[in-house]
Amino acid sequence: MLAPFVLLRVAGQPAQPFLDLAPPRSSALIDSAIAEQELMESAREELKAALHAVVPIADRRTRAAALNLKRAVHNRRTAAIAPEELAHVRQALDARAETVLARWGRARDRLDGCLRALDACGPAEIGDHLRPGIQSLAAGEDFRRALALAAPLAVCAAGTHPAHPSAPTATKNERTLLAYLMRAAMKTSPFGTFLHIAVLDPGRSAPSPPALDHSARMSRTVLNRGLAFELFTAALGCCGDPDHATFLLSPTVVWTGDGFESMAPMFGTYASRIIRLSRPVRRRLHPELCARIARLPERFRWTELMDVLTAAGLQTDAAQRLGRALLESGVITPTPWTDAHRHKAHRSGRRCPEAVDHAIDDMTQLAERAATASSAERLELRAAINASAAMTAARLGSSSGSARTTSASVAETGFFREPVGPIGETIGGLFDEVASALRPRIERRAEHSALERLFVGLYGEGGTCHDTVGFLCRAAAELGQGAPGESGTEHSDTNAEMRPRVPASVLLQIAATDRETDPVAVINRIHAGCGWLSARYAMGDSPAHAALQASLRSWLRALAAPAEPVDLLVSGDCNELQTHPRVTARALACPLEPAPVTPTLTWRDLTLQHRPQTGAIEIRSAGAPILPVYLGATFPHAGWGPTYWLTVLANPWRVLPVAVPPPPPEAPDEVWAYEQQMVGRVVMRRKSWWMTSDRARRVWFRQVGVRRSADTALDCARLGLPPRFYVTLRSAKGVQRRKPLFVDTRNPFLLDILSNDLRDAAYMEIVEPLPDTPDWPVLHGQPHVSEILLELSL
């Protein structure tokens with residue numbers, strides 16, 4: 001079953017102008033050098049054998065020349081042999097071997113000539129073509145507008161020039177600009193207007209994919225919710241006086257005989273966005289204090305808490321200290337100021353003598369103005385927001401509004417205003433093949449198996465749990481970070497007929513083959529669950545947003561049936577990547593998350609029922625099945641605590657990706673090749689190579705400028721690598737160190753970026769570019785790199 005929508009992620013800049021940055025004359029000379037290298041390679045084995053035969057029978061002078069030449073041929077390098085010595089070697093060879101040597105020598109001479117010509121023209125081309133090309137692309141207003149929000153300092157550096165235009169290596173500013181240009185043209189980065197989202201109708205009534213209108217591209221800009229969240233948290237939701245705020249007691253608190261245990265929220269930052277994590281809290285406290293705190297109403301003021309603590313016998317200062325400790329540990333929290341379903345940060349709704357609410361209102365309006373502002377205006381708006389945040393934080397005596405959120409104080413999402421479609425039979429016909437290729441790869445997640453074992457140990461086979469909060473807090477404490485990760489799976493004995501349909505989100509690209517009518521689908525990533533990568537793109541007021549909202553509502557109902565889909569909110573109050581419109585009738589208020597305004601369930605409303613036949617742990621409310629659906633854009637993580645384990649309960653299955661293992665540490669080789677894997681017309685894994693970083697430094701990066709390009713290109717040709725590829729840097733254990741880089745071996749500055757990033761990596765994973773160059777969509781007459789987000793139920 002396929003979702004009633006398809007999302008197309010379109011790169012913000014066309015690909016060809018970026019590819020044209022490679023110096024043309026230097027590239028042609030490198031191509032010629034590769035051709036000569038191939039001629040030398042074709043003669044290599046036969047010539048080595050002939051020279052090997054000569055060595056034992058030649059005189060001393062001829063033997064030395066033959067050995068020198070043999071080593072050069074074996075090591076694939078040119079040899080410095082005097083003409084008279086070479087003549088002696090020729091005389092020692094038979095006629096056929098002499099012809100092979102002559103062919104090899106002519107190719108060697110021509111290769112040397114190419115490299116000499118490269119040395120002559122390369123520096124000039126760097127100064128006359130590559131550097132001006134980077135500045136020209138970086139000067140485009142569309143690119144500058146996106147860059148002004150992503151990296152404002154890079155905008156300021158865009159007009160700077162190195163002291164020596166023909167300098168062979170890229171400056172730090174040039175590497176930064178080129179990296180952003182690469183991200184905008186050759187990747188589908190999910191942030192800002194380096195990418196635009198198109199909502200497509202998956203229908204197949206048309207023979208070919210639809211055209212996209214360049215003029216329909218728009219963007220939506222909002223204030224980074226983490227910035228507002230930090231300020232409201234510093235002010236306890238209003239003005240800094242705790243008596244002006246209302247508080248909630250964490251529902252995860254378990255009162256013990258001599259204190260309490262709880263899962264308290266803590267906050268991390270990823271890509272300048274705040275995410276709510278959890279940590280266990282244990283505290284000794286007098287039983288009388290515990291009993292009085294437990295009897296507090298659902299919402300209470302600071303004065304009420306102080307009255308309870310002083311009534312139990314604490315002095316005023318001691319009561320204040322304990323209250324602050326409870327607040328800092330997350331046992332009590334201020335009532336939320338917004339929720340994941342609101343379009344923007346609203347006022348906290350409290351009467352405050354200070355201007356926190358007004359400051360947030362002003363910053364919100366400034367952020368929204370950035371959607372239609374020029375690059376220069378965006379820089380001013382961003383600076384005004386950061387200044388206002390710093391001023392407000394200073395009034396509160398806080399460091400809030402610091403670099404972790406102000407570095408991305410305005411968040412932007414690019415989109416096409418109107419829905420487009422139908423996608424057509426050419427592409428749509430591949431979706432069924434994708435589903436067929438993925439269906440046999442469904443496996444039970446190891447995390448769910450561990451959770452089931454814990455459940456059965458506590459409640460027995462077929463047992464029922466009425467304390468969902470307690471069970472999931474226990475799972476977080478006992479399984480925690482040590483639970484099997486995303487790579488952990490277990491084969492299940494459950495028959496496919498007994499297994500429910502498994503939701504999956506697939507990121508793929510379309511690549512043309514030799515026959516234009518026979519494209520292939522290339523899998524990039526496979527994720528468990530549906531809706532969580534698409535829901536945030538439904539936030540907005542355009543026709544495309546309305547279409548996506550309607551499609552998500554019907555899709556989630558179909559996926560959950562016969563259960564009711566219930567929105568599982570995670571960090572939507574502090575992270576705009578987690579916000580989305582309301583697409584379910586009800587939401588589920590997690591213990592560590594703020595309760596939204598929309599109709600909600602709490603974990604206290606849930607019961608858990610084990611089904612021994614399938615191994616599932618069914619979630620019910622008031623006797624009816626529900627299915628929590630996570631709709632944020634951040635990958636679920638065990639650091640979320642009990643909330644993470646609820647996502648495991650809701651989605652016990654996943655589709656096993658086709659991964660490439662790192663080479664074994666004891667392997668003697670420095671380059672390993674892994675073949676492409678296909679199922680029908682679906683590329684499950686691209687062809688790839690692993691190369692040690694030490695080898696890359698020794699062979700690719702020993703020189704600079706166009707000579708670096710030549711060394712790399714010649715080596716790639718020998719190894720069978722394509723001239724363009726994507727590189728992921730990995731540790732000795734295969735852990736990804738950087739996001740993938742696009743590399744054109746003819747562009748020396750792209751190699752400079754790779755060389756600079758290689759320092760903390762043990763391996764390079766090199767992946768073929770499939771598709772090599774984009775064909776669709778075409779905007780303003782130029783093809784753009786694109787990626788399809790396909791949601792399906794298997």
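Q: Where does P771 sit in this model?
A: In this predicted model, P771 is placed in the loop that runs between β29 (763–767) and β30 (778–779).

Q: And which kind of peptide bond, cis or trans, leads from L770 to P771?
A: The bond from L770 to P771 is cis, and its omega is near 5 degrees.

Q: Is S571 buried or exposed, and why?
A: S571 is buried, because its relative accessible area is 0%, and buried means under 20%.

Q: What about H780, which has a positive phi too?
A: H780 is not a glycine, yet its phi is about 55 degrees. H780 is found in the loop between β30 and β31 (782–783). H780 counts as exposed because its relative accessibility is 66%, and the cut-off for exposed is over 50%.

Q: Changing topic: in what order do the strands of the open sheet with β29 come?
A: The order is β23-β26-β29-β27-β28, which makes 5 strands with antiparallel pairing. At the edges are β23 (671–674) and β28 (741–744), each of which pairs on one side only. From one strand to the next, the twist averages 25 degrees.

Q: How many bridges join β27 to β29?
A: Strand β27 (residues 724–730) is joined to β29 by 5 bridges, and the two run antiparallel. In one of the pairs, Y726 has V767 in β29 as its bridge partner.

Q: Which residues touch the most other members of the largest nonpolar core?
A: They are F18, L147, M186, W700, L754, M764 and I766, in a core of 82 residues. Helix α5 (residues 95–138) gives the largest share of this core, with 13 residues.

Q: Which residues does I766 touch, leaving out those up to four places away in sequence?
A: I766 touches K687, S688, W689, M691, W700, L721, F725, Y726 and V727.

Q: How many residues are in the other core, the one that lies apart?
A: That core has 57 residues, among them L568, L601, A638 and W640.

Q: Now for Y270. Which strand is it in?
A: Y270 lies in strand β6 (residues 259–270). Y270 is exposed, because its relative accessible area is 59%.

Q: How many residues apart along the chain are Y270 and T634?
A: They are 364 residues apart along the chain, while their C-alpha atoms are separated by 9.5 Å.

Q: Last topic: at what angle do α17 and α18 pack?
A: Helix α17 (residues 446–459) and helix α18 (residues 468–478) pack at about 125 degrees, and their axes are 11 Å apart.

Conventions. Residues are numbered from 1 along each chain as its sequence is written. This is a predicted model: local features need pLDDT of at least 70, side-chain atom pairs count only at pLDDT 80 or more; totals for chains, interfaces and linings use all residues. Side-chain values use heavy atoms; hydrogens and water are left out. Helices (H or I, at least four residues) and strands (E, at least two) are DSSP runs, numbered from the N terminus. Buried means under 20% relative accessible area, exposed over 50%, partly exposed in between (1.4 Å probe, protein chains only). Two strands pair if DSSP finds at least two bridges between them. Axes are lines fitted to C-alpha atoms, for helices over the stretch in contact, and angles run from 0 to 180 degrees between N-to-C directions. A nonpolar core is a set of buried Ala, Val, Leu, Ile, Met, Phe, Trp, Tyr and Cys residues joined through side-chain atoms within 4.5 Å. Contact means heavy atoms within 4.5 Å.
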